[in-house]
Amino acid sequence: MIQTRGLTRRFGEVTAVDDVSFDVPRGLLTGFVGGNGAGKTTTMRMVMGLLGIHGGEVLWDGRAITAADRRRFGYMPEERGLYPKQKIVDQLVYLGELSGLPAGRARRSALSHLERFGLADRAGDRVEKLSLGNQQRVQIIAALMNSPTALILDEPFSGLDPRAVDSMVDLLREETARDTPVLFSSHQLDLVEQLCDRLVVLAAGRVVAQGAVEELRARGPERLRLVTDRDAGWVRDLRGLHVVDVDGPVALLELTGGDGDDVRRTLLQEGLGRGEVRELARVTTPLAEIYREVTA
Ligand SMILES: Nc1ncnc2c1ncn2[C@@H]1O[C@H](COP(=O)(O)OP(=O)(O)OP(=O)(O)O)[C@@H](O)[C@H]1O
């Protein structure tokens, strides 16, 4: 498990990362979300030892992390650092060797990953001949070359087409199934929602929420969807409810307090008193909504 404890980093007057503590457990996909400038990249760079730490520490399996531990990590930086003029396979072999693989194994690993990402026939091309999305795939392969013990991926999905997103998703799932801790940042909340076991939300350099997605959902109010056969505007007059939206016969509501059973019963009775109730069901709060609440 990777843990950060009180991680802090300043740039001049700005505290970009402020007392940040979170866990990236083994075998789980941890999503790292936050607006532009929230401090995700800075945090990841400190985890990887690429940026000096001004306060706090990074732990690996409960002890202070070492350079040797970090060499076994797979890291995909935000700035994609490939050499445009070099052949793709040579570049991957070089990066594999840098992370400690013998040349032969590095080549085999590069070729099998290129195959998997549909780039086997491009192995001999120069990087600059690839589209940006395909360069991104090569960058991902570079992070996976030496069977990493942990993965730290900065925006791995940006620029990928839907097929490449699927390959990436499969791959991350395989890595977590092998007990690898995976931390990845993303602005694509829909994807994070589908994928993540856990979430760390950063705002202005601080952790504002973390935990299992379900756990974060459970902290918010319960949401109900009511579908009737006529205009549902009358729900605005009921107590114990916040009306998120009414669109003709469909209302989206939040329980705001009191006895939830009572409120649901009243809602149903009031609805039936006016006509037909076609649906009254609990609905899941979208992650985007939770995100807005915790970062507000
Ligand atoms: N090398 C640097 N020098 C000065 N300020 C920096 C430097 N790197 C980051 N910052 C500042 O630190 C803050 C956090 O930036 P960071 O890149 O970590 O955020 P982020 O969450 O990764 O943002 P994004 O989602 O836009 O990539 C920002 O205010 C940024 O301007």
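This report describes the fold, the domains, the nonpolar cores and the ligand surroundings of a predicted model.

**Overall architecture**

The protein comprises 10 helices and 14 strands. Taken along the principal axes, its C-alpha atoms fill a box of roughly 75 × 45 × 35 Å. Of its 296 residues, 33% count as buried. Among contacts with a sequence separation of 6 or more, 67% join residues 24 or more positions apart.

**Domains and their contact**

The domain assignment divides the protein into domain 1 (2–212) and domain 2 (220–295). Their C-alpha centres are 41 Å apart. Nine residues from domain 1 and five residues from domain 2 take part in the contact between them. On the side of domain 1 that touches domain 2, the elements giving two or more residues are helix 7 (189–195), strand 9 and strand 10. Helix 7 gives the most to that side, with three residues. By class, the residues on this side of domain 1 are seven nonpolar, one polar and one charged.

**Strand pairing**

Strands of a sheet pair through backbone hydrogen bonds, in either a parallel or an antiparallel sense. In this model, four strands form an open sheet in the order 2-1-4-5, with antiparallel pairing. Strand 2 and strand 5 (63–64) are the edge strands, each pairing on one side only.

| Strand pair | Residue ranges | Bridges | Facing residues |
|---|---|---|---|
| Strand 1 and strand 4 | residues 2–11 and residues 55–60 | five bridges | R5 and E57 |
| Strand 9 and strand 10 | residues 198–203 and residues 206–212 | six bridges | A203 and R206 |

**Nonpolar cores**

The largest nonpolar core has 58 residues, of which L92, A110, I141, A143, M145 and I152 touch the most other members. Helix 5 (residues 132–144) gives the most to this core, with six residues. Both domain 1 (2–212) and domain 2 (220–295) are represented in this core, each by at least three residues. Leaving aside residues up to four places away in sequence, A110 touches V89, L92, V93, G96, I141 and M145. Three of these neighbours, L92, I141 and M145, are also listed among the core members that touch the most others. Another core, of eight residues, lies apart from the largest one and includes L224, A232, A251 and L267.

**Ligand surroundings**

The shell around the ligand consists of F11, V14, A16, G34, N36, G37, A38, G39, K40, T41 and T42. Strand 2 (14–24) and helix 1 (40–47) each supply at least two residues of this shell. Helix 1 gives the most, with three residues. By class, the shell has four nonpolar, six polar and one charged residues. F11, another residue of the shell, belongs to strand 1 (residues 2–11), the strand joined to strand 4 by five bridges.

Technical notes
Residues numbered from 1 in each chain as written. Predicted model: local features only at pLDDT ≥ 70, side-chain atom pairs only at ≥ 80, totals over all residues. Near = placed C-beta within 6 Å. Nonpolar A, V, L, I, M, F, W, Y, C, P; charged D, E, K, R; others polar. Pairing = 2+ DSSP bridges. Domains from an automatic or database assignment. Contact = placed C-beta atoms within 7 Å. Core = buried A, V, L, I, M, F, W, Y, C linked by C-beta atoms within 7 Å. Buried ≥ 20, exposed ≤ 12 C-beta atoms within 10 Å, placed from the backbone.
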